Amino acid sequence: LTFKLNSGTLTAGAFAQFRCIDGNHPNFSSITPAPANYISRWWDFNVSGITSINYDVTMNYTDADIFGTEAALMPGRYSGTWRFGFDLGNWSVTTATNVIIWSAITSVGSLTGVISYNVTIASGNYSDPTRWSFGTVPSSTDMAIISSGTNISLTNQTTTVGGLYVG
């Protein structure tokens with residue numbers, strides 16, 4: 001993991017501490033639906049004496065850490081509840097080198113790569129399950145993301161999802 005402090009207010013003796021854990025995050029069970037795509041590595045991040053923090057991280061993982069579809073990963077942060085990449089800063093996943101880059105993060109907690117959202121992995125018709133990271137068409141309980149670079153069409157159909165993000 002590489003950490004870069006962009007800004008923050010520091011007091012005497014301030015520090016940032018990361019701990020890398022090789023295994024599944026213990027709070028994956030609180031994600032609904034359970035994540036099908038994740039890495040089995042996470043970083044616990046704590047600070048002392050730093051307020052108004054803004055930072056970047058580069059998280060490296062191995063092929064053995066990948067479960068599900070690596071291309072469907074996004075950063076996740078756990079701090080009592082889960083929050084995911086698209087609402088916590090700018091991010092990218094480079095599958096060729098097993099790297100998650102996450103910038104402009106403004107809170108601390110446990111960091112990992114995970115997805116509990118049904119994300120488009122290819123362009124095509126909405127009702128084609130091969131276009132979605134879960135391998136199924138999003139249902140009324142799913143959070144769906146139409147990812148940047150994919151075009152999804154709806155043809156003569158009505159659909160209900162638990163939430164939709166277009167990015």
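Biologist: Are Tyr 126 and Trp 132 buried or exposed?
Modeller: This is a predicted model, where local features need pLDDT of at least 70, side-chain atom pairs count only at pLDDT 80 or more, and totals for chains, interfaces and linings use all residues. Residues are numbered from 1 along each chain as its sequence is written, and side-chain values use heavy atoms, leaving out hydrogens and water. Relative accessible area under 20% means buried, over 50% exposed, and in between partly exposed (1.4 Å probe, protein chains only). On that scale, Tyr 126 and Trp 132 are both buried.

Biologist: How many aromatic pairs are there?
Modeller: Rings of Phe, Tyr and Trp (its six-membered ring) pair if their centres lie within 6.5 Å; planes under 30 degrees apart are stacked, over 60 edge-to-face, the rest tilted. By this rule the count of aromatic pairs is 10.

Biologist: What is the angle between the planes of Phe 18 and Phe 45?
Modeller: The centres of Phe 18 and Phe 45 are 4.0 Å apart. The pair is stacked, and the angle between its planes is 5 degrees.

Biologist: Why does Phe 45 count as buried?
Modeller: Phe 18, its partner in the stacked pair, is partly exposed because its relative accessibility is 25%. Phe 45 is buried because its relative accessible area is 0%.

Biologist: Which type of aromatic pair do Tyr 126 and Trp 132 form?
Modeller: Their centres are 5.2 Å apart, with 75 degrees between the planes. The pair of Tyr 126 and Trp 132 is edge-to-face.

Biologist: Where is Asn 98 found?
Modeller: Most residues other than glycine have a negative phi. Asn 98 has a positive phi, near 55 degrees. Asn 98 counts as buried because its relative accessibility is 6%. Asn 98 is in the loop between strand E6 (90-94) and strand E7 (99-105).

Biologist: What is the relative accessible area of Ser 52?
Modeller: Ser 52, in strand E2, has a positive phi of about 50 degrees, although it is not a glycine. Ser 52 is exposed because its relative accessible area is 60%.

Definitions and conventions: Helix = DSSP H or I, 4+ residues; strand = E, 2+ residues; numbered from the N terminus.
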